[in-house]
Amino acid sequence: MEWRNGDMIDVCREVGANGVVFTANSVVTTSDYLVMGAGAAQRVRDAFPSSVQKALGSQIKQVKHGVQPDYYLAGVTLPMANKPDSPFYIFALQVKRHYAAPGDLALTVESLESLNRWCKANPDVKLVMNCPLIGLGGFASQIDKVKSIVEGILSDANVIVTVL
């Protein structure tokens, strides 16, 4: 794991990563789209086809619409333009239940542990993610605490964590 300053999509392109992980909520629309209207989720929504938002929402959806049960980590793959045989991973890392709510530290820890298990099973896949909780999650004043938690869980993962 390493830290970088900058936008996660830009860093992903700079380092040739195999995927991105963005912090997310668990609200799914009646049309099965994951709500990705602000922050890192919006950045991913705007950088990739709308099929990503729909695929993630469909994967997460367990009840008719609205806030869904906890999922921790949901992912989809896209073909990479420069490597058609290699998938590009896009993961939603659940850090809150409703988009208007503050981030949930315990939920974030569960989600980071799920990501760490995935990374251990796929050590050659390099991912870039935004630092959880410090933007719209409401923990900007506790960035050192959040960084310590992230480092404690993802220390051996092939992940670059970005901070804007």
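Guide: N116 touches I153, L154 and A157, leaving aside residues up to four places away in sequence. Contact here means heavy atoms within 4.5 Å. This is a predicted model, where local features need pLDDT of at least 70, side-chain atom pairs count only at pLDDT 80 or more, and totals for chains, interfaces and linings use all residues. Residues are numbered from 1 along each chain as its sequence is written, and side-chain values use heavy atoms, with hydrogens and water left out.

N116 sits in helix α4 (residues 105-121). Helices (H or I, at least four residues) and strands (E, at least two) are DSSP runs, numbered from the N terminus. N116 counts as buried because its relative accessibility is 12%. Buried means under 20% relative accessible area, exposed over 50%, partly exposed in between (1.4 Å probe, protein chains only).

Next, the pairing. Two strands pair if DSSP finds at least two bridges between them. Strand β1 (residues 2-5) runs parallel to β8, joined by 4 bridges. W3 has V161 as its bridge partner in β8. Strand β7 (residues 127-130) is also parallel to β8, again with 4 bridges. There, V128 is partnered with I160 of β8. From β7 the chain crosses through helix α5 (residues 143-154) to β8, a right-handed β-α-β crossover. Right-handed means that, with the strands pointing away from the viewer, the path from the first strand over the helix to the second runs clockwise.
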